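This report goes through a few parts of one protein structure. Look at the sequence and the model before reading on.

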Amino acid sequence: MSAPSRFDRGHTDDLMTFLSASPTPYHAVASAAARLEKAGFRQVAETDAWEATSGGKYVLRGGAIVAWYVPEGAAAHTPFRIVGAHTDSPNLRVKPRPDTGAHGWRQVAVEIYGGPLMNSWLDRDLGLAGRLSLRDGSTRLVDVDRPLLRVPQLAIHMDRNVSTEGLKLDKQRHLQPVWGLGDSVRDGDLIAFLEDEAGLARGEVTGWDLMTHSVEPPAYLGRDRELVAGPRMDNLLSVHAGTAALASVAASGADLPYIPVLAAFDHEETGSQSDTGADGPLLGGVLERSVFARGGSYEDRARAFAGTVCLSSDTGHAVHPNYAERHDPTHHPRINGGPILKVNVNNRYATDGSGRAVFAAACEKADIPFQTFVSNNSMPCGTTIGPITAARHGISTVDIGVAILSMHSARELCGADDPHLLANALVAFLQP
């Protein structure tokens, strides 16, 4: 018999649904927008003049979404409370000339996006999804969520050294997936196939942003189902928690002293330098326009930003039972131990003592535990959108997240209770 969880698993069930519906950043923001629409939020176009109205609003740009809720009567200088996250994950992405092959195999030419654990993409059934740009200037999402491609590994009989020297993969030669048989490469075959899948006429697609994904669905794991295995938890787990928290706060009817915001960016895995990345102008533009739409001046904008706090929520590293020596000896975040506060004195994370106090207060209000992550001094520390957000906008930023295993694998592992704990902490932060 399974041990009972202290927490409602409904949130984690919904996370698994969200992961399955979001094979790409474009699908992720569409999924988040659909949830916000149900909570009464409405999309605003960046090309339109914005009105000084209260309520929930959001902007979509490519694989990024910024959503915010303006309380009734909010002054122009009202500060923001921001949950930041990112929508992209390391994977294999389709090249501009996708049709390739050799020796009777038809293949799809792919490029490595970010820093994936490449071995995790071998011998795995892969689907194909993304955004199609059409001749009329519009876009269409496509998702072939069934076994379509596979990167076959070389048999051990032809690589006897793999047992002693380890697996060595050449990114150009060894990771091109197969998707059929044929002696000749026919340019246009893959896009024609996707036009058929999307119900489009031949020749209608003139551009594409396509990527592979594992078609194995998320699942509870373990004797007591206290674990969850699934794709893209880094960092759709945070996007989902932030969306749920913002919707909950907006529906609460509480008298809010802040304007709660969700900012989920694309391209974090490759440095955030794009018009939809955290190092771009999207967040600052949205916040400023919100101030000015309510009749604010530059002085109001400065006052609002000075009182703003951002929680940069991204997954972190749980202590690994087989590699505990890789962790700091006194900081061992555990699965289902609550969200983690991420600290690095060299500013790879943006957390400082004041930020720690803000997060500790939110967790105390939500009556949940939290843990601290610090890298082993002998290991280089990763980074997040946190330092970028703090430096670009001059706002106080705190790095947090959920501890997981197998980060950057095609299939990652988290605790079944931690997503719900994170969401509760975010609600307490957005609604102090």
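In this predicted model, Leu221 stands opposite Leu227, a residue of strand β12. Strand β11 and strand β12 (residues 227–230) are paired antiparallel over three bridges. In general, the strands of a sheet are held in pairs by backbone hydrogen bonds, either parallel or antiparallel.

These strands belong to an open sheet of three strands, with the order β11-β12-β20 and antiparallel pairing. Its edge strands, β11 (219–221) and β20 (412–415), each pair on one side only. From one strand to the next, the twist averages 35°. Across β12 and β20 lies helix α5 (residues 233–252), which runs at about 40° to β20.

A second topic is a set of annotated residues. The UniProt record places the feature "binding site" at His86, His157 and His408. The three span 323 residues in sequence and the farthest two C-alpha atoms are 41.4 Å apart, so they do not all gather at one spot. From this set, His408 is part of the lining of the largest cavity.

Are His86 and His157 buried or exposed? The table gives the values.

| Residue | Relative accessible area | Class |
|---|---|---|
| His86 | 1% | buried |
| His157 | 60% | exposed |

His86 sits in strand β4 (residues 80–86), whereas His157 is in the loop between β8 (139–149) and α3 (162–165). Beyond its neighbours within four places in sequence, His86 is in contact with several residues, including Asp234, Leu236, Phe265 and Asp314. Glu268 is also among these contacts, and its side chain is joined to that of His86 by a polar contact of 3.2 Å.

Notes: Residues numbered from 1 in each chain as written. Predicted model: local features only at pLDDT ≥ 70, side-chain atom pairs only at ≥ 80, totals over all residues. Heavy atoms only, no water. UniProt positions renumbered as here; feature names shortened; annotations may be inferred. 1 Å grid on protein atoms, 1.4 Å probe; cavity = no way out; pocket = protein on both sides within 12 Å on 5 of 7 lines; lining within 4 Å. Helix = DSSP H or I, 4+ residues; strand = E, 2+ residues; numbered from the N terminus. Buried < 20%, exposed > 50% of the residue type's maximum accessible area, 1.4 Å probe, protein only. Contact = heavy atoms within 4.5 Å. Polar contact = N/O pair within 3.5 Å; in protein donor to acceptor, adjacent residues only side chain to side chain. Pairing = 2+ DSSP bridges. Axes fitted to C-alpha atoms, helices over the stretch in contact; angles between N-to-C directions.
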